[in-house]
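Me: Could you walk me through reading aromatic contacts and a sheet in a model like this one?

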Amino acid sequence: MKLDAGQVASIREKIRKLERCLRNGLNNFGSLDGTSSFGNNGTADRVLYEEAKISYQNIKTELYNLEYMLLNSEYIIKQNNKDIIEIGSEITVKFLDEDEEYSYILVDELIGKSSLDNYISKDSDFANSVLGKTIGDEFSYKVKNTGSVVSGRIVNIKNKSEHRAHFIKEKPIKYRYSKSMAEVFRRRAGNSLLMSYTINQEIILRQEITRLLNLGGSSDNSLKSKLAYYKKILKEYKCVHHMDDDTIGIGSQFSIDLIKRDGRIVTKRLELIDVAHSTETTDEFVERISPLGSMLYGLTENDAFQNNNKIISGRVYDIDNSRDRFNTIDPIEYQKVKK
């Protein structure tokens, strides 16, 4: 199975939610894993306990399945051909007799994302009709339920769309650096500052080591080099804990309202890291060395940010540096829990 960056970020978020549900279940009902009984406080309590126990076991099963997918799948880190539709491509199509254009992301399986996110499984009739085609090609497929034929044309193919999550390391580091003089100096004189990782990066690094081993890293030379690199980071680099004050630093989590060039406002909850090491996604992290990260570093609650060309601008809020913080990439869910 192959997963794109958006799916990986979503699966990680679902795993965090399920882990919280398990902890809450144990906190509310004591042991739900069969190691001890709830007690004998009446029929109603026993019914509630049995229902909670079933829910607990269902969550454990779902959690196991998601973790298995995350640790046993290939990741689409680089598209092979930007001109041909393949797994991981974002395509724009125009259906016959319709004026509006529609965009979809083709994936191996609908794991972590759904059709509501404009994700389409490769096993669908639509996907089968467009895979391998290029811009300008026509397609058609028959709808199984009705027998009607749907036809259209490929308008655009994006294998690196700005509207999607990406693995940060898809782009070489030299293209991720901020161009400001401060960052140029930092790059030359402060490379040691990049030899760090946050707690969440450590979790991902350990997951990556397991995933690569599961994919044959003990015998595949290309995977072996990555394994050695990840192990070296964990051994030689420093784990940076978030700051204790109210400013954004390495390891801080915060929400931003990011204003795009076309006026759209994109809301995200991110963690600031020095640099990406493995499979960090743009839905979860932002690098300190990047143009956006260099502007966010050192900001406080409700500060605005903007670069000289006004290409990047927005506002930062809900900064959380606490050690027991609510770990999520959903700004709305964070605010609900905070209240």
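Me: Are Phe126 and Tyr141 buried or exposed?

Reply: In this predicted model, Phe126 and Tyr141 are both buried. Burial here means under 20% relative accessible area.

Me: How many aromatic pairs does the structure hold, and what geometry do Phe126 and Tyr141 form?

Reply: The structure holds nine aromatic pairs. Phe126 and Tyr141 make an edge-to-face one, with 5.9 Å centre to centre and 65° between the planes. Phe126 sits in helix α3 (residues 125-130) and Tyr141 in strand β6 (residues 138-142), so their pair ties together parts 15 residues apart in sequence.

Me: Which residues do ring pairs link into a cluster?

Reply: Happy to list them: Phe95, Tyr102, Tyr104, Phe126, Phe139 and Tyr141.

Me: And where does strand β6 stand in its sheet?

Reply: Start with the strand order. The open sheet has five strands, running β5-β4-β3-β7-β6, with mixed pairing. Strands β5 (119-121) and β6 are at the edges with a single partner strand each, so one side of each has no neighbour in the sheet. On average, neighbouring strands are turned by 45° against each other, direction ignored. β6 pairs with β7 (residues 149-158) in the antiparallel sense over five bridges, and Tyr141 is opposite Val150 in β7.

Me: Which arginines lie over the face of a tyrosine?

Reply: Look for the charge above the ring. Arg211 lies over the face of Tyr75, 3.6 Å from the ring centre; Arg288 lies over that of Tyr297, at 4.1 Å from the ring centre.

Key
Residues numbered from 1 in each chain as written. Predicted model: local features only at pLDDT ≥ 70, side-chain atom pairs only at ≥ 80, totals over all residues. Heavy atoms only, no water. Phe/Tyr/Trp six-rings, centres within 6.5 Å; stacked < 30°, edge-to-face > 60°. Helix = DSSP H or I, 4+ residues; strand = E, 2+ residues; numbered from the N terminus. Buried < 20%, exposed > 50% of the residue type's maximum accessible area, 1.4 Å probe, protein only. Lys NZ or Arg CZ within 6 Å of the ring centre and 35° of its normal. Pairing = 2+ DSSP bridges. Axes fitted to C-alpha atoms, helices over the stretch in contact; angles between N-to-C directions.
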